[in-house]
Amino acid sequence: MGKVTGFMEYERLEEGYEPVPARLKNYKEFVIALSADQAKQQGARCMDCGTPFCNNGCPVNNIIPDFNDLVYRGDWQNAITVLHSTNNFPEFTGRICPAPCEAACTLNVNDDAVGIKSIEHAIIDRAWLEGWVKPQPAAVKTGKRVAVVGSGPAGLAAAQQLARVGHEVTVFEKNDRVGGLLRYGIPDFKMEKSHIDRRVQQMEAEGVVFRTGVLVASLGEDSKVTNWAKETVSAEDLKAQFDAVLLCGGAEQSRDLPVPGRDLAGIHFAMEFLPQQNKVNAGDKLKGQLRAEGKHVIVIGGGDTGSDCVGTSNRHGAKSVTQFELMPRPPEEEDRPLTWPYWPYKLRTSSSHEEGCEREFAIATKEFIGEKGKVTGVKTVRVEWQGGKMVEVPGSEQILKADLVLLAMGFVAPVSPVLEAFGVGKDARGNAKASTEAQGGYATNVDKVFAAGDMRRGQSLVVWAIREGRQAARAVDEYLTGSSVLPR
């Protein structure tokens, strides 16, 4: 805990933002982190609540009261030690995690939650600045070889854990740079890619080998997600060359919207749009980049990916940006006695929304309108929910102008040929079928093949990916050596 009476003396402090006009001129991060004194004051608000629900609210089970207290007492070096004991990459989660820990904070019952995410952000940024984040190579090598397929947060977490207990780890990534959707999906203004690069350097010093531009098996279908592979390796080769294979690819099959006019030019999945800007920001030159400049943009999908499309479109200089959400407009404030300590249902306005966006709720797309093969508008209808079923509102149809439509309705499953190449069984949703039980967890039906992250769980949060990568690493270590000292 922090100061005994801190939660009564201090109010919650929010991280600041640079002004909208300034941040729309570039793709750099614009969050103004807490100062050391502000973080200390925020840590002081952590109360002696007896049962810290924040620990369970956090998927990686961060030991939140402990690092809050350490920051309050000025012991930053031990604070990063505690934070790293459960989370390999707090610089990722401190920037892009929605902070379910704060929803579960005991103070959140009838007050403002402790700013846990901002404290985490402050700890890891100071740790990098002070040089406390160092490689941790294994003292003894096991001689066992592990292939990790996919370099997103699940694959990176698993690879780092496995390397630190002495295994020879090779990470295969189909794109030209490491990071998965952290690299090609999350806009740079939310998380600059230098954070990934620093971790890659650390992991290479720990013995992890990264092979980029290598496609494992053949996708066999167009998932509309990035693929800049220059070579292919078969599932059979990986199983023959490695003692264990851990599949950590993403849930890359985008949810489509099969309505009339879907084949018109100018209608794209979000993951055709966002990664291109990441590539350009990295210094690559692209032919035919999708641009929103001077266009009326409609983003279909009200989640984080849709919000990222909004922010990127505004930086392109879109003439207008409108975001559709099928569900009704949520309430401004949650019903705390009803929802706490769980993730609440309430209206969430992102920094991208604040930069300029019309938000339409309870609206469905009926048809895409076009001229000469190009989209010019979207025919919509208002909907109501009656008895759990969506019902159209008579007489509510309208046509909204659109030059660019971005489909951001989430992802339904991993691309199936990858799993089929390994012979991995799938669950009802098309994900890799593997339980999370303590004994034999994350193992698939194929000997020495494991699965974790979005490929096993389905589309989820970065913090869930890190959790699964860490737990899968322990399962693989147990499989290879009979026991493991890695945390579960």
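In the predicted model, the buried residues of helix α3 are covered by elements that include α1 (6-9), α5 (64-72), α6 and α9 (116-130). The buried positions of α3 (residues 36-44) are Ala39, Gln42, Gly43 and Ala44. Here, buried means under 20% relative accessible area, exposed over 50%, and partly exposed in between, with a 1.4 Å probe and protein chains only. Helices (H or I, at least four residues) and strands (E, at least two) are DSSP runs, numbered from the N terminus. Residues are numbered from 1 along each chain as its sequence is written. Because the model is predicted, local features need pLDDT of at least 70 and side-chain atom pairs count only at pLDDT 80 or more, whereas totals for chains, interfaces and linings use all residues; side-chain values use heavy atoms, with hydrogens and water left out.

The unreviewed UniProt entry places the feature "domain: Dihydroprymidine dehydrogenase" at residues 24-129; UniProt positions are given in the numbering used here, feature names are shortened, and annotations may be inferred rather than shown by experiment. Residues 24-129 are 55% helix and 2% strand, and the end C-alpha atoms of the span lie 27 Å apart. Thr86 is located in the loop between α6 (76-84) and α7 (90-96). With a relative accessible area of 10%, Thr86 is buried. Contacts, defined as heavy atoms within 4.5 Å, link Thr86 to Val60, Asn61, Asn62, Ile63 and Arg470, not counting residues up to four places away in sequence.

A nonpolar core is a set of buried Ala, Val, Leu, Ile, Met, Phe, Trp, Tyr and Cys residues joined through side-chain atoms within 4.5 Å. The largest such core comprises 69 residues, and those with the most contacts inside it are Phe67, Ile123, Val148, Val169, Val208, Phe210 and Leu246. Helix α19 (residues 462-481) gives the most to this core, contributing nine residues. Another core, of 21 residues, lies apart from the largest one and has Phe242, Leu247, Phe422 and Val449 among its members. Within the largest core, Ile123 touches Phe67, Val71, Trp76, Ala79, Ile80 and Leu83, residues up to four places away in sequence not being counted.

Five strands form an open sheet with parallel pairing, in the order β5-β4-β3-β8-β20; two strands pair if DSSP finds at least two bridges between them. Strands β3 (residues 145-149) and β4 (residues 168-173) run parallel and are joined by five bridges, with Arg145 opposite Glu168 in β4. Helix α10 (residues 153-164) packs on the sheet, where it touches β3, β4, β5 and β8 (244-247), and its direction makes about 165 degrees with that of β4.

A further open sheet of five strands, also parallel in its pairing, has the order β10-β18-β11-β12-β13. At its edges stand β10 (267-269) and β13 (358-361), each with a single partner strand, so one side of each is left without a neighbour in the sheet. The twist from one strand to the next averages 20 degrees. Five bridges pair β11 (residues 296-300) with β12 (residues 320-325) in the parallel sense, and Ile298 stands opposite Thr322 in β12. Helix α13 (residues 270-281) lies across β10 and β18 (404-407) and runs at about 75 degrees to β10. Helix α14 (residues 304-316) lies across β11, β12 and β18, at about 175 degrees to β12.

The peptide bond from Trp340 to Pro341 is cis, with omega near 5 degrees, and Pro341 lies in the loop between α15 (336-339) and α16 (351-354). Lys372, in the loop between β14 (363-371) and β15 (374-386), has a positive phi near 55 degrees and is exposed, with a relative accessible area of 87%.

Overall, the protein chain contains 19 helices and 20 strands, and 53% of its 488 residues count as buried.

Terms used
Axes are lines fitted to C-alpha atoms, for helices over the stretch in contact, and angles run from 0 to 180 degrees between N-to-C directions.
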